[in-house]
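Subject: Structure handover

Hello,

Here is the structure for you to look over. My notes on the contacts follow below it.

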Amino acid sequence: MTITSLYFLGFLCLTVLFYYLCPAKIRWVLLLIYSFAFFAFASNFALIIYVVVGVLAAYLGTRLLHKFSSAKPARRRVILALTILPIFGMLFVFKYINIFPLTFNFFSRLFGAGVGFDMFEVLSVLGISYYSLSLIGYILDVYWGAYPPVKNPLKVLLFACYYPTLISGPITRFPHMQKELFTPKKLDYNNVYMGFERILYGFMKKLVIADQLGPVVKMIFGSFHTFSGFYIVLGVILYAVQIYMDFSGCMDIVNGASLTYGIKLPENFNSPFFSKNLSEFWRRWHISLGNWAKDYIMYPLLKSAPLQKLGVSARARFGKRFGKMLPTIISILILWLLIGLWHGASFQYIFAAGIIPWFYLTSSQIFDRPLQALTKKLKVNTACFSFRLFQSVRTFLLMCLLWLFVCAPELSEVPAVLKSALSFGEPNIIGQLPHFSVIITMLMFGVVMAIDYLKYKGTDVLAAFQRQNLLFRWGCLLGLATVIIIFGAYGTGYNAADFIYGGF
Amino acid sequence: MEKLKYHAKGLGRIFIFLVLLSAIVWRLHFWFLPPSVDLENTIGFYNEPANSLDAVYIGGSASFVYWEPLKAFEDYGIASYNFGVNTIQAETYLYRIQEVLKTQSPELIIIDARAFQYRDNEQPPSEVAYRNAITGAPLSPERYNFIMENVPKYLQDDTIDYHIDLFKYHSRTSDFRAKYSLKMATGRYRNSYKGFFFVPKVEPIPRYDFATTAEVFPSDATIDVLDKLLSFLHGTSQKYLFVVSPYSEKSEHKAVFNYIARRVRESGYDFLDSNDYADQMALNYDTDFYNYNHVNIYGADKYTDFLATYLQQHYQLPDRRHDEHYQEWHTLLPKWHAKVGEAKATIDNKLKEQNAAFTVSE
């Protein structure tokens, strides 16, 4: 059962109905049952054992950490390590075990050794990348004494496997989810309406834009040698649009589905394509992962004794500025390498989602002052629309350059893709595309960008939409439904494309 | 009271919205159907005036390139329609008859029996067969049951886009013809030839000695389909005639038909293998067919004469030629004659070319 299927809509409608028919106090138990049911429909139910084991480790570990809250730090660190180990271990085995043969094969190829290992065939546990991080965050918060552990293990289980978050996140925090999941809520029809409106919007992003662009991107990069630079550039721009529409569309469906139960999930996107620089982009793209990484990787690293020491010695040798910058650069490097690895056990992701963003951010940190000085010297007006537009376009193009590494069939083929990107040739595919569908896809992308711009400017678009006249709202919603039904990529003839971020 | 009002308002809005959405889906349902003779035959059938047909011929191409409803009307006064689609499967018959009986109460339903013979080997159940049987037909419990009973069983396929044609055909924007779709979607389309389809081709085919009295059991699946159909027919008040139209029949086919014929007759229905009457029809296997399995317009003329005479003798169908309610049928005849003439001329030319080529090669 994919979340863009009618089966999912049927599942949601039925579960929402029963949810509100049940007494408010026990609704969270119903959500747990729904999550188990969803796991069974969307994956192999037997694999839920791994979720349960992870939750059990988190539950018992946090109880122990709380019990030994005044024990020696070393003892607590041992408990922490033993608590995180099973969760991290399962994540590692199910997601990253292939890093070993992959690394060996990579270097074997590099040095022409001619030997290689076969990849391990591992099971795919639904949502493991997301619930593992949520659980680790919960454990660390309890370890740091941010809040006491929860007494009921079933509540930890629901926190981990609340079904809308299993598909592609968001990575949730316990205090937020505790308030949302376990506080009894009255039926508010506005939540139900807004939930379904958001689902519809997500369907449009996924089916009318992302999945329509998918085959074009696949065609271009599947045989990039045959395409000229124009198409490679077009392909990577389309990929940028595809991945954003795919992931944010999924988030709209997930957040909308959750809202129908009255449960608000954290947002994962906030108009990233309008970002003026790369650090702003990363604050607006996959927000829950970025925040998680900052809180649980970067800040603890910055506070760690070795990096503090390094900072002091660097300050003494190379000056105050560099001494301050060096620990940050190192912690950002570790953070981005881990984020890259989180995306997948492949050097392509480590490079594209790890090293390149680190390089971008470090360069911008190093060159920030000289560039500001240059801008001032050249008397560039930075407070006008054209400069802001330039900044947004520059950020987008830098991201496209990054995504080019993801689009290439393999990391080793990136130079060839770049070479193709710089070649000239006859246009040969635009004429083959179904014009009407292309126009609709572009039109819908324009609508999404307009809505994103309003959000960027601080408008709560969904609430503003809710304030409009019923006739206008229904006209828009029925129109949107019609567009999805006619121009959506679904049914026979289309492969129900999995969500790109579902695979991470 | 306030609470009740709140819920009534909330649920009422959801209900009205869903009704409006369903209405849109319902209307769009007909808009993206692929243009085809199957669609035209199906939609044309539903747009026939209610209870206006005395005979309905159900089957595949073994019906709609054979039986000429307008010739049968003009020469014998029979008001009939070919409710046929390509590559039909026997398991669709029950559903097709249910559909017929919703808007028509024909005296006689003619069932193309060849589908019972070819489903085991030559043409097993396929997606296209089921799609043809349902495309253009309204959404109904019968349609739902047909899909649920057959699609997962024979095709092991997901059923959702069988239930809603739009989900299958929505992406066909490249061959979308607005005028055609408008006609199909708004109930304005009328089939000018009452379901007959012209194939202006000719090809000599072999005539086998197929005569045999042996019986061969087709398969459990086919007999299940037949038994289910026969059991359904018993619950209706219509008369039914199972027919094998002329083709290049072989003795192994005949043996299967013998078995089916016996089962049909034991159930109290008539079974007619018209291949047994090929000489009586004066069928010419060099000029009256366009391939092994189908007659051309010359063969169709002969078959229609033969079957109409048979119907007159056995079923006392009313003569509608002077019935004022059937004046519209007379208006269709000039176009029909023109089309028949055109098809025959094309075939004659092809025959001439073939003869010329034969003479040269000699």
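In this predicted model, 14 residues of domain 1 of chain A are in contact with nine residues of domain 3 of chain A. Two residues are in contact if their C-beta atoms, placed from the backbone, lie within 7 Å. On the domain 1 side, α4 (73-96), α5 (99-110) and α6 (128-143) of chain A each give two or more residues. The top contributor there is α6(A), with five residues. Helices are DSSP runs (H or I, at least four residues), as strands are (E, at least two), numbered from the N terminus.

By class, that side of domain 1 has nine nonpolar residues, four polar and one charged. Nonpolar covers Ala, Val, Leu, Ile, Met, Phe, Trp, Tyr, Cys and Pro; charged covers Asp, Glu, Lys and Arg; the others, Gly among them, are polar.

Chain A splits into domain 1 (24-184), domain 2 (187-265 + 392-504) and domain 3 (278-380). These bounds come from an automatic or database domain assignment. The centres of domains 1 and 3 of chain A, taken over C-alpha atoms, are 26 Å apart.

Now the chain pair. 15 residues of chain A are in contact with 16 residues of chain B. On the chain A side, α19 (435-456) and α21 (470-487) each give two or more residues. α21(A) gives the most, six. This side has ten nonpolar residues, five polar and no charged ones.

Residues are numbered from 1 along each chain as its sequence is written, and chains are lettered from A and ligands numbered from 1 in the order in which they are written. Local features need pLDDT of at least 70 and side-chain atom pairs count only at pLDDT 80 or more, while totals for chains, interfaces and linings use all residues.

Best wishes
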